[in-house]
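Please examine the sequence and the three-dimensional structure shown below. Then work through the exercises in order.

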Amino acid sequence: MELQKPKFTGGRVTRLEDARLLSGQARYLDDIEIPGMLEIAFVRSNRAAAKILSIDTSEALALPGVKAVFTAENIPIQMGVGYDIIQCPLAKDEVRFVGELVAAVVADNRYIAEDAAELVKVEYEPLPAVVNMEVARKEDCRRVHEHRPNLFFHNEMVTEGFDEVFASAPHRAEASFRTYRQTGVPMETRGCAASIDAYSGRLTVYVSHQSPHNFRSSLCKVMGLSENMVRIVVPEVGGAFGIKAMFYPEYVVVSYIAMQLKRAVKWISDRTECLLSDAHARENLLDVEVAYDDDGRVLAIRNKVLADTGAYPILGFAGAVGEAGWATNMLTGPYKIEHLAIRIDCVFSNKAPVGAYRGVGGPVGAQVQEGIMELVARKLGKDPADVRRVNIIQPEDFPYRTPTGNTYDPGSYKESMETALQLIDYEGFQQEQIELRKQGRYVGIGMCVFVEPSAFSESEAGSIPYETATIRMETNGTVTAALGLGPSGQGHETTMAQLIADQIGIDVKDIVVLHGDTDSAPFGGGTGGSRSGTIGGGAAIGAARELRKRLAKLSAHLLEASEEDIELKDGRAQVAGVPASGIPIAELARIAYTDIKRVPEEMQLEPGLEVSFRFRPPMNKTFSNGTHVTKVEVDVNTGFVQVLDYVAVNDCGNLINPMIVEGQIHGGIAQGVGSGLLEELIYDEDGQLTTLSFADYLLPTSMDVPRIRVAHIITPSESEGGFKGLAEGSLIGAPSAIINAVSDALEPFGVFLTDIPIRPAQLLDSLSKASAGR
Ligand code: SMO
């Protein structure tokens, strides 16, 4: 039987979830109401480092409406969070960062709980806070964890023959790059609610999260619970960006309290808690030495990375090791650079824990890789595009093995760059730039050519290399599909339905995609690492294909035709080319369940029209790629940067839904404007976070985000459907493209920017340093 030309896959199918999302009908965590539910407010440490001498909860307990106050004393749970570190969900004896949980107040409502939290008296004996990572790494620095040196992770890697190549290169240059702390800032903050079912004794946890099954595994492991006694329900999620991929101590406290009090309880983070305690990301210092030849060909890179993990590793993420690891793993990006010497040092500090944020180390690696191209161009007086042309991996080089051991499947690295430069009129702009400079206007153009790893299918510790889809045709011919994914607005209900619909010849509107409930969804890894389309999509296609086989077999039997001649199309099964012969798929479904004497004998004991299919991509990773180019204008008096124009050329293989892909790209670029120009979590020297609201932690608004032009190039992967993940790529590309454009604008001043973000004050600082140096 021939598969018809896809009707839905590849099309701009209107998102099925949007009717409820856009009309206020969607149910997020805070919309969940459980009878008798109490609310929790946390007492968080206001010290970066201190011994806890005493906690007096008596006044809080006396407030009317307060049901209980919990401290480490009455929550005797210890979480092994990795690297020999044990974390108590509520701090015991010592606090290690501002925002760490100290006590939980349970009350009739959040107002009372907040008031009571202020009445909890914690007596601290301050300790010197370890805030600066360069200080933290020193032997004589006070230890954040007494039993471990602050420098808790160290790794080195060097390619064979590095020293010789480096020493004999015609040119060498150095630069230090720094990426400052940022965080994901989902519109809906983190939170969870827990309740015990009075009859079964099962614990249900509602949580705004990316991976229901991983969440359940972590919760059960930490609390010593049996997985069949725990149900995780993920309601609608209003953005996640990695920070909701991990497991945080609040979840243990809320679940524990629900079990103790036998009452439903809920906690939702307010915005300040979010900035204090959601995973932070990106704090890295990268010292780079680069060796290159007269043409600008990069021969070797030495990169020393120092990364700040904060006070604890976060469960479900390899801490700053993950970020520094990815930044260096992908350091050569789209370029053919053979020699690398890498050193990674990760330190603990008295700051919030570091974890996943869209792209993980990707934006950091891209900043360095693209910064190197810019640096070499400046040193040689060449056009940055020409330096990239000399270094870029050519079509004939695929599959290409990087010095860090990645095997790139084919991509359009060079083509994406040339297309992007044409679309933005790179050459034309250079003329315009000269004219504008004469008028005292500083405009610049910058690019980032990037490669994004996705669909990790090698079973690394804790990561699930596959996804499973369970799909069932109901007796009326509609389909219910369940996956272990955890969407946070990406439109999985639509994209998965598109894939399934094309396999079995029904309409997308006749498919309901379920996710986020461990009682109904098959085990899976959830959403992260740009994996859902590729791995989840592969599972959806595989399951639908199995279902199609069953429908073909049944209809062949009923139509007295050969299975090979059956086609499923527009809701009917028919002998190919003979529509009159057909039978509605809904009728097939009815027969399959309720008239089984008409079902072929060998199918009678099969479970109706329900199939499960596990998919693991055939390669370890697939790599999407793209090029971002942007024009900016800098006001040299105020340091204000306006992004004027933006072109994104993207290659993620075959597209399931171009509209959804473009949405991902627009969103990533908007975040990239924040990441490049505005967002920074700033700690003072005592370890106090000074950016506690959006008045200080600046997010991009629609006024900051430019018009974006997107173009697609399609180099299919070898995975099912030819898909590659693309969700994180635009945040990998955008910050670096913007920084490079700002550097280009300020080239007449000799400014060369290396840091992310480059905020107005820092920009003015670089300008005055550059002019002082002249
Ligand atoms: S930072 Mo994402 O959840 O891979």
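The exercises below concern a sheet and the cavities of this predicted model.

**Exercise 1.** Determine the order of the strands in the three-stranded open sheet, and state which strands lie at its edges.

*Solution.* Step 1: Strands of a sheet pair through backbone hydrogen bonds, either parallel or antiparallel. Step 2: In this sheet the order is β6-β2-β8, with antiparallel pairing. Step 3: β6 (94–95) and β8 (121–126) each pair on one side only, and these are the edge strands.

**Exercise 2.** Describe how β2 is joined to β8.

*Solution.* Step 1: Strand β2 covers residues 50–56. Step 2: Six bridges link β2 to β8, and the two strands run antiparallel. Step 3: As an example of a partner in β8, K121 is bridged to D56.

**Exercise 3.** Characterise the largest cavity by its volume and its lining.

*Solution.* Step 1: The model has four cavities of 30 Å³ or more. Step 2: The largest cavity holds about 170 Å³ of space. Step 3: Its lining consists of 19 residues, and Q87, F97, Y248, P249 and P353 lie nearest the centre. Step 4: β4 (79–82) and α7 (249–261) each contribute at least two residues to this lining. Step 5: By class, the lining of the largest cavity has 13 nonpolar, three polar and three charged residues.

**Exercise 4.** State the volume of the second largest cavity and classify the residues that line it.

*Solution.* Step 1: The second largest cavity contains about 80 Å³ of space. Step 2: Its lining residues include E17, L21, E236, V237 and H515. Step 3: The lining of the second largest cavity divides into three nonpolar, six polar and three charged residues.

How values were computed:
Residues numbered from 1 in each chain as written. Predicted model: local features only at pLDDT ≥ 70, side-chain atom pairs only at ≥ 80, totals over all residues. Heavy atoms only, no water. Pairing = 2+ DSSP bridges. Helix = DSSP H or I, 4+ residues; strand = E, 2+ residues; numbered from the N terminus. 1 Å grid on protein atoms, 1.4 Å probe; cavity = no way out; pocket = protein on both sides within 12 Å on 5 of 7 lines; lining within 4 Å. Points joined across faces, edges and corners; volume = space filled by probe spheres on them. Nonpolar A, V, L, I, M, F, W, Y, C, P; charged D, E, K, R; others polar.
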